[in-house]
Amino acid sequence: MRLRLKDSLPFVSLTVTYRGLPVEVPEVLVDTGSATTILAADIVEAVRIAPSPEDALCTLRGVGGNEVVFTRRVDSLRLGHFEMAHFEIEIGGMDYGFDINGILGMDCLTRAGAVINLRDMEIDLPKP
C-alpha cells in the first residue's frame, strides 16, 4: 500500500465498517509514536458511531496536546487488501489545526505486522 507524503508526514486511507456500514477515511496519519488508532468523530458519524451515555471518556496526551476520546469496537478496519475484524478504535475531535481524519497507531500496525518502507514509500501488509 502506498504512503502519501503530506507536509513531510506519511498518510494512508482506510475503511472502517461498523454494524455493517462502511466508511472510507482519507488522510490518516501513520504514526509509530501513537499507541492507539484514533479517528475523527465527524467522519465516523457517517456509520452512526457516536458517544453514548455509558461510554467512558479518556484523555490522551501527546505532542499535539490533549484529546478527549471514547472507544468503540468496529466490525473491521481495512487497509488496502488487509482487514482486521473486531478492532477497537478511539474516537475524538481531531482538531489539530491541519487536515487529518485519523491516526493509525502502533496497536493497528503491530497487530497487522506492518512493515513501513520509507525508501519506496510503502506500507507492506500480509497477504490474505
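Let me begin with a term: a residue counts as buried when its relative accessible area is under 20%, as exposed when that value is over 50%, and as partly exposed in between, using a 1.4 Å probe and protein chains only. What we have here is a predicted model, in which local features need pLDDT of at least 70 and side-chain atom pairs count only at pLDDT 80 or more, while totals for chains, interfaces and linings use all residues. Residues are numbered from 1 along each chain as its sequence is written, and side-chain values use heavy atoms, with hydrogens and water left out.

I will start with Asp-55, which sits in the loop between α1 (41-44) and β5 (58-62), where helices (H or I, at least four residues) and strands (E, at least two) are DSSP runs numbered from the N terminus. With a relative accessible area of 18%, Asp-55 is buried.

Leaving aside residues up to four places away in sequence, Asp-55 touches Ala-50, Phe-70, Thr-71 and Arg-72, contact meaning heavy atoms within 4.5 Å.

Now to the cysteines: a search of the whole structure finds zero disulfides, that is, pairs of cysteine sulfur atoms within 2.5 Å. For Cys-58, the nearest cysteine sulfur, that of Cys-108, is 19 Å away.
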